[in-house]
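Dear colleague,

I am passing on the structure below, together with some notes on what turned up in it. Please read the notes with the model open beside them.

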Amino acid sequence: MDIPKDMITFAVMMRNIKTIIGMAIILLMTACGNNGDAVSKSEKVPEGMTMLCRVKTTPVKNQSTSDFCWLYGMLATIESEHIEMGDSVNLSEDFLCRAVLEERLQRYYLSQGKSAWTMRGTCSDAVTMLQRYGLTHYDSFHSDVNYAVLMRKLQKTADEAIAKGVGLEELKLRTGDMLDRDIHGKLLNVFMYGAVYTPQEFAHSMCREDEYVALTSFTHHPYNESFVLEVPDNYSNNLFLNLPIDTLITKVNDALMNGHPVCWEGDITEEGFSFKKGFAEYASKVSVEERQQSFERFDTTDDHCMAIVGMAKTKDGRKYYLCKNSWGTDNPFGGFMYMSEEYLRMKTVAVWINKDLE
């Protein structure tokens, strides 16, 4: 019996569809398996500890060769704030990295090479930059660029432009293609849930200009007053509210217990800080005097930023803070770390807390 050609075509089409679906299922199962391993690793709690609270997060990222931890830490905090509210967001650090480099490149040129040519900053700068330049999604603006190499190339180009006095427009032409190629081309629109935003509109929906308050604790300024924190990375002279360390820690605890992340900035040069082990430990109790002396001797320095997203307690009552780092997932807790309360008390330079909690 002859089979109509349209039936043969239909059968072949169905077979192809089944093949495609089968392949998709295999890929999905593989992806879920890998993701499951990462998730289970990141949700692993150290033996003898009990989680008191945990804020939802996006996957751990990797800042790689860059010094943009202040962007990673602050955006991780903003992401968790929105995830806890039911929003699905995963923000692009690279979008702001490019904006920072462009802004600092202009300043470097106009200062004839005398302004700081650096990737470093504070988490307050991250909020300022996103208000100024906007934001977009991670998936739509992501790069694996080696920022250390890119910085050297940009500086060389800028130094040559300074020597010849070529002007800003020419400098932007010389560096724009480099930034497009190595990071990503500029975006005019952000698409989310069927709506179209400009990057600035999207950023303002993610974070208000005054949404976070920067808190610190040092005795060389009066408590309960704001001052310009004298650390090298505070290029923008941002203000920090000075509180007693006990009050600062209480605010951190209250934020976490109420489902809010905290952005942390502090020292990681201590021997007890080990990403490989997944712990940040400080061996002894800490007094206010010791904390201040360590800062004044430059033993406590402003090195790194992370998002604090949880709190745990040991059987003997010691408290630990779950920190989302930005160095990839290659440690026992999938890139997260457990920081002891003693380490937090001794080595914190500043924290950023949602102002609505004040």
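To begin with a helix pair, the axes of helix H3 (residues 93–110) and helix H5 (residues 147–164) come within 10 Å of each other and cross at roughly 25 degrees. Here an axis is a line fitted to C-alpha atoms, for helices over the stretch in contact, and an angle runs from 0 to 180 degrees between N-to-C directions; helices (H or I, at least four residues) and strands (E, at least two) are DSSP runs, numbered from the N terminus. H3 and H5 are therefore roughly parallel to each other, on a scale where angles under 35 degrees count as roughly parallel, over 145 as roughly antiparallel, 65 to 115 as roughly perpendicular and the rest as oblique. The crossing of H3 and H5 is right-handed, a term used when the near helix is turned clockwise from the far one by less than a right angle, with anticlockwise giving left-handed. On the H3 side the contact (heavy atoms within 4.5 Å) is made by Asp-94, Cys-97, Leu-101, Leu-105, Tyr-108 and Tyr-109, and on the H5 side the residues include Tyr-147, Leu-150, Met-151, Leu-154 and Ile-162. Sorted by class, the contact of H3 with H5 has twelve nonpolar, one polar and two charged residues, where Ala, Val, Leu, Ile, Met, Phe, Trp, Tyr, Cys and Pro count as nonpolar, Asp, Glu, Lys and Arg as charged, and the others, Gly among them, as polar.

Before going further, a word on the basis of these notes. This is a predicted model, in which local features need pLDDT of at least 70 and side-chain atom pairs count only at pLDDT 80 or more, while totals for chains, interfaces and linings use all residues. Residues are numbered from 1 along each chain as its sequence is written, and side-chain values use heavy atoms, with hydrogens and water left out.

The protein chain averages a pLDDT (the predictor's confidence in each residue, from 0 to 100) of 89, and 89% of the residues score at least 70. The secondary structure of the protein chain comes to ten helices and 13 strands. Of its 358 residues, 48% count as buried, where buried means under 20% relative accessible area, exposed over 50% and partly exposed in between (1.4 Å probe, protein chains only). Among contacts between residues at least 6 apart in sequence, 77% join residues at least 24 apart.

The crossing of H2 and H3 is right-handed. In this pair Trp-70, Leu-71, Tyr-72, Leu-75 and Glu-79 of H2 meet Glu-93, Leu-96, Cys-97, Val-100 and Arg-104 of H3, and by class the contact has seven nonpolar, no polar and three charged residues.

With H4, the angle of packing is about 90 degrees and the axes are 10 Å apart, so H3 and H4 are roughly perpendicular to each other. Phe-95, Leu-96, Ala-99, Val-100 and Glu-103 in H3 meet Ala-126, Met-129, Leu-130, Arg-132 and Tyr-133 in H4, and these residues divide into eight nonpolar, no polar and two charged.

Two arginines may also interest you. Arg-98 lies in helix H3 and, at 5% relative accessibility, counts as buried. Leaving aside neighbours within four places in sequence, the contacts of Arg-98 include Phe-141, Asp-180 and His-184; Arg-98 and His-184 are 86 residues apart in sequence and 8.3 Å apart in space, C-alpha to C-alpha.

Lastly, some backbone angles. Most residues other than glycine have a negative phi. Gln-112, in the loop between H3 and helix H4 (123–133), has a positive phi near 60 degrees, and Gln-112 is exposed, with a relative accessible area of 58%. Phe-298, which is not a glycine, has a positive phi of about 65 degrees; Phe-298 is found in the loop between helix H9 (288–296) and strand E10 (304–314) and is exposed, with a relative accessible area of 65%.
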